[in-house]
Amino acid sequence: ETMARGNQRDLARERNAKKMAELKKSEGNTGNVQQRNESDAAALQAKAAKKAAMLKEKEEQEAALAAHNAAKGGAAEEAPKVAPKAKQVKPKKKKEDLSFLEDAIKPKKK
């Protein structure tokens with residue numbers, strides 16, 4: 001005879017080992033609070049610098065497009081602004097007149 005649940009302990013050990021490995025990975029942020037704050041501040045500064053660079057690049061592209069359009073002879077055409085879609089209101093369904101069924105449901109008097 002074979003036991004259906006004989007390897008349950010081994011499977012539980014494997015799952016627990018996997019869970020502990022995940023916990024160990026997430027513990028990389030431990031340490032001095034000041035060090036964490038400094039690293040977080042550096043990450044935020046890098047993110048802000050990247051965003052500022054992207055905005056500057058976008059402005060330069062828009063300026064170049066405007067200059068190109070002006071050189072063509074026409075005024076700089078802006079993309080037409082699209083109004084936000086109005087929320088569609090569904091008409092309410094009218095209740096059907098089912099009075100004719102009442103006659104069929106009522107028992108007939110003899």
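Guide: Asp10 forms a salt bridge with Arg13, and the closest N and O atoms are 3.7 Å apart. A salt bridge here is a side-chain nitrogen of Lys or Arg within 4 Å of a carboxyl oxygen of Asp or Glu. By this rule the count comes to one.

Both partners sit in helix H1 (residues 8-26). They are three residues apart, so about one helical turn separates them. Asp10 counts as partly exposed because its relative accessibility is 40%. Arg13 is exposed, at 55%. The cut-offs are under 20% relative accessible area for buried, over 50% for exposed, and partly exposed in between (1.4 Å probe, protein chains only).

A word on the ground rules. This is a predicted model: local features need pLDDT of at least 70, side-chain atom pairs count only at pLDDT 80 or more, and totals for chains, interfaces and linings use all residues. Residues are numbered from 1 along each chain as its sequence is written, and side-chain values use heavy atoms, with hydrogens and water left out.

Now the wider setting. The protein has three helices and zero strands. Helices (H or I, at least four residues) and strands (E, at least two) are DSSP runs, numbered from the N terminus. Buried residues make up 1% of the 110 residues.

Next comes helix H2 (residues 33-72), with 40 residues. At its start, a side-chain oxygen of Asn32 reaches to within 2.7 Å of the backbone nitrogen of Gln34. The end C-alpha atoms of H2 are 59 Å apart, which agrees with the 58 Å that its residues should span at 1.5 Å a residue. That expected span is 1.5 Å times one less than the number of residues. Gly73 follows H2, and its phi is positive, near 115 degrees.

Helix H3 (residues 99-105) holds Ile105. Ile105 is exposed, with a relative accessible area of 69%. Together with Leu98, Phe100 and Leu101, Ile105 makes a nonpolar surface patch of about 440 Å². Such patches take residues with over 30% relative accessible area and no salt bridge, joining nonpolar side chains (Val, Leu, Ile, Met, Phe, Trp, Tyr) within 5 Å and like charges within 9 Å.

Finally, confidence. pLDDT is the predictor's confidence in each residue, from 0 to 100. Its mean for the protein is 81, and 82% of residues reach 70 or more. H2 has the highest confidence, at a mean of 92, and H3 the lowest, at 73. Where pLDDT is low, the predicted coordinates should not be read in detail.

Notes. A polar contact is a pair of N or O atoms within 3.5 Å; within protein, one must be able to donate a hydrogen and the other to accept it, and residues adjacent in sequence count only if both atoms are side-chain atoms. Accessible areas come from the Shrake-Rupley method with a 1.4 Å probe; for residues, only the protein chains shown count as cover.
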